[in-house]
Amino acid sequence: MITAEAVIDLSALRNNFTLLKSHCDNDTKLIAVLKGDAYGHNAIQVARALPHADMFAVSRIEEAIELRAADILQPILLLEGCFCPEDLQLAAQLNFHTTIHCLEQLQDFEQTPLMQHTSVWLKLDTGMHRLGVQADEISTYISRLEKSGKVAGTIGFISHFSCADDLNSHSTRAQLERFQTQTQPYPGMKTLANSAGILCWPDAHFDAVRAGIALYGIAPSIDEVGQQRHLAPVMTLQSKLIAVRRHQANQPVGYGENWTSDRDTYIGVVAMGYGDGYPRSAPNGTPVYINGRIVPIAGRISMDMLTVDLGPNATDQVGDSVELWGKHVPVEQVAKLVGTIPYELVIQLTRRVVRTFINE
Ligand SMILES: *Cc1c(COP(=O)(O)O)cnc(C)c1O
């Protein structure tokens, strides 16, 4: 019997893709971000389900190689570029688009013999102050790259928002204006918006947008759930009840005895724990969906199990299905209770969780 399982609904994914496209002008390209094994959803399956994506993006070259090995033919953008000359040669050979965000990468590009012309995106620091070239360095980078004679087509521009998920932030508008001004003299493709930018900052769309979290049906903005934006959750994390136990009032449950029942009740034991990537920090009361209703987690999360209070009138049976997050329990809600963001929850599922794909 399969217990811990992440069911990936590829038709929900395609619907989210279409919805995000509809937020953009017709000629705006959509780059589907597949880093981190498509945020834990399986990059190859997600790529195959999105034949109309103009481009894919990943963070590490190994992730791009995996997609090419699976016969994914769209252009693949390396969001952080290549970290050494050998990787750059591989990128050129496999037709990846590389990013250049620092002097070392520029020098590697100039000095490394490449099998063919390679597409380059110059990363600009418009305010995140993590990666990227400063405004007064752009023209030097452009002229050195052009002089190298190795760039395919026109050099593109990429930058990243630090606060787009916070609609009240003034930083987003400032970053947008800097990006606009800095790239205005150049003809290349421009991309700035992540999911929050796509949904909330139409002025930030430029030539291409980069959709990550929203593609998976999860709201990018804090204090929202995807469904409010008509996004459908792609992942359902589920498992099974492996025990239903009579439990006496005033008795504790689990490690540290950190939950005690105030009444006679039934405790359900679910085969899902932090060994599957479910957060150990989930507090008592975190919602779980079972047989048409929400029940609270009761007691500490173990490595392989968690316990829920099924209530005194429970009729649930061993083998019944339990949803930890998905349509009925938004992963955004679990993330909030745990004090993290949904990105972390979906990406940290372990190998033990079986991925099942539906509506291919
Ligand atoms: C991860 C990432 C994205 C996607 O961000 P979401 O918030 O998941 O849409 C876009 N651009 C860059 C550079 C990224 O690293």
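Predicted model: local features only at pLDDT ≥ 70, side-chain atom pairs only at ≥ 80, totals over all residues.
**View 1. Lysine 35, a residue with a database annotation.**
Let's begin with a residue that comes with a label: the UniProt entry, which is unreviewed, places the feature "modified residue: N6-(pyridoxal phosphate)lysine" at Lys35. This annotation may be inferred rather than shown by experiment. In the model, lysine 35 belongs to helix H2, which covers residues 35-40. Setting aside residues up to four places away in sequence, lysine 35 touches Ala57, Val58, Ser59, Glu63 and Leu79.

**View 2. Arginine 173 and its contacts with Trp201 and Asp203.**
Look for helix H8, made of residues 171-183, and you will find arginine 173 within it. With a relative accessible area of 34%, arginine 173 is partly exposed. Which residues does arginine 173 contact, once its neighbours within four places in sequence are left aside? They are Trp201 and Asp203.

**View 3. Glycine 268, a buried residue in strand S11.**
Now follow the chain to strand S11 (residues 265-270), where glycine 268 has its place. The relative accessibility of glycine 268 is 0%, and buried means under 20%, so this residue counts as buried. Which residues surround the view? Not counting those up to four places away in sequence, glycine 268 touches Leu241, Ala243, Leu306, Thr307, Val308 and Leu310.

**View 4. Threonine 307, a contact partner of glycine 268.**
Here we move to strand S14, residues 306-309, which holds threonine 307. Is threonine 307 buried or exposed? Its relative accessibility is 12%, which is under the 20% limit, so threonine 307 counts as buried. Beyond residues up to four places away in sequence, threonine 307 touches Val253, Ile267, Gly268, Val269, Pro296, Ile297, Ala298, Gly299 and Arg300. For one of these partners, Ala298, you can pick out a particular pair of atoms: a polar atom in the side chain of threonine 307 lies 2.6 Å from the backbone oxygen of alanine 298.

Methods:
Residues numbered from 1 in each chain as written. Heavy atoms only, no water. Helix = DSSP H or I, 4+ residues; strand = E, 2+ residues; numbered from the N terminus. Buried < 20%, exposed > 50% of the residue type's maximum accessible area, 1.4 Å probe, protein only. Contact = heavy atoms within 4.5 Å. Polar contact = N/O pair within 3.5 Å; in protein donor to acceptor, adjacent residues only side chain to side chain.
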